[in-house]
Amino acid sequence: MSVKEMIGKRIRAERERKGFSRESLCGCEEELTVRQLARIELGESLPSIVKLEYIAQVLDTNITTLLAGESISIPDEYFTMKYQLFKFPTYGDKERLAKKIQMVEDIYEKYFDYLPEEELFMLELVDNTLDYRSTGKTAAAEDVFEDFFKQLFLKKQYTVNDLLLVSYYALQCQNRDYDKNLLKPLEIRVLEQEVSGDEYYNAELLGTLTAIAGVYLDHAEYSNIKRLSDRMHILIAETQIHTAKPAALIFVHSL
């Protein structure tokens, strides 16, 4: 039995022992959806420490009990490869896009069995985004990642993955008619996010603002760009991510 299956089996046993249904444990599904919990309990995905902490809190137990002697550890080499992945720019070049897609595939091949759901989801989002930039033919983000997309409207504090998903969704909206009732609430939440100590987060926050502004630019809705542009310049000053300046200036010139 794999580590995923062992942990999933222990979580299910503890949940049932405490008299919780999956629905009652997940509550409003802001932290964990019923489908996500089902995948964890069936041993199909490895929960992150954050999700384990949430489950343990609801069940009034501790993480050690849920792990049942198992451990969740990610090889250091994975983080090195992840850093290289995030730092590798494509500049819209087909060869560089193909190389970055290969980087994702290499990580999948080496570490698929070791990674918790959040890391696998991150890789899937990056892979889908790169594929869309290459072909323009991937399925709608709100359909493919339905559970995670629904959570975007419930959360106040976004993770890197949340920003990646909003960015992916906005990228697709640039090339099609979009639902303003979906994009606008996401835009408001992204504008509310603060600078983090995580450089991945700050870079993706700027990237997400750029993607949303790109929707308005492509649809000639210029009046919606100023708030986004102003926020981008503030974030660039706070984070010193000067590589984002050229993109920010494009939107300034469109006003």
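Guide: Let us start with a term: a helix here is a DSSP run of H or I with at least four residues, and helices are numbered from the N terminus. Leu130 has its place in one of these, helix H8, and please keep in mind throughout that this is a predicted model.

Visitor: What makes Leu130 count as buried?

Guide: Buried means under 20% relative accessible area, and Leu130 has a relative accessible area of 6%, so Leu130 is called buried. Leaving aside its neighbours within four places in sequence, Leu130 is in contact with Thr90, Leu97, Lys100, Ile101 and Val104. Arg12, by contrast, is 36 Å away from Leu130 in space, C-alpha to C-alpha, and 118 residues away in sequence.

Visitor: Why is Thr129 placed under the word buried?

Guide: Thr129, which also lies in helix H8, has a relative accessibility of 16%, and because the limit is under 20%, Thr129 counts as buried. Beyond its neighbours within four places in sequence, Thr129 is in contact with Tyr168 and Leu171.

Visitor: How do you know that Leu183 is buried?

Guide: The relative accessible area of Leu183 is 0%, and the word buried applies under 20%, so Leu183 is buried.

Visitor: What makes a set of residues a nonpolar core?

Guide: The residues must be buried, belong to a list of nonpolar kinds such as Leu, Val, Ile and Tyr, and be joined through side-chain atoms within 4.5 Å. The largest such core here has 57 residues, and those with the most contacts inside it are Tyr158, Leu165, Val190 and Ile212. Several helices each supply at least two residues of this core, including H6, H7, H8, H11, H12, H13 and H14. Apart from this core lies another one, of 15 residues, among them Ile7, Leu52, Ala56 and Leu59. In soluble globular proteins, nonpolar side chains tend to be buried together.

Visitor: Which residues does Tyr158 touch, leaving aside its neighbours within four places in sequence?

Guide: Tyr158 is in contact with Leu152, Leu163, Val166, Leu186, Arg189, Val190, Gln193 and Tyr201.

Visitor: What makes H13 roughly antiparallel to H14?

Guide: H13 and H14 pack at an angle of about 160 degrees, with their axes 10 Å apart. Because angles over 145 degrees count as roughly antiparallel, H13 is roughly antiparallel to H14. H13 passes H14 in a left-handed crossing. Among the residues that meet are Leu205, Leu209 and Ile212 in H13 and Leu228, Met232 and Leu235 in H14, and the residues of this contact divide into twelve nonpolar, three polar and one charged.

How values were computed: Residues are numbered from 1 along each chain as its sequence is written. This is a predicted model: local features need pLDDT of at least 70, side-chain atom pairs count only at pLDDT 80 or more; totals for chains, interfaces and linings use all residues. Side-chain values use heavy atoms; hydrogens and water are left out. Buried means under 20% relative accessible area, exposed over 50%, partly exposed in between (1.4 Å probe, protein chains only). Contact means heavy atoms within 4.5 Å. Axes are lines fitted to C-alpha atoms, for helices over the stretch in contact, and angles run from 0 to 180 degrees between N-to-C directions. Angles under 35 degrees count as roughly parallel, over 145 as roughly antiparallel, 65 to 115 as roughly perpendicular and the rest as oblique. A crossing is left-handed if the near helix is turned anticlockwise from the far one by less than a right angle, and right-handed if clockwise. Ala, Val, Leu, Ile, Met, Phe, Trp, Tyr, Cys and Pro count as nonpolar, Asp, Glu, Lys and Arg as charged, and the others, Gly among them, as polar.
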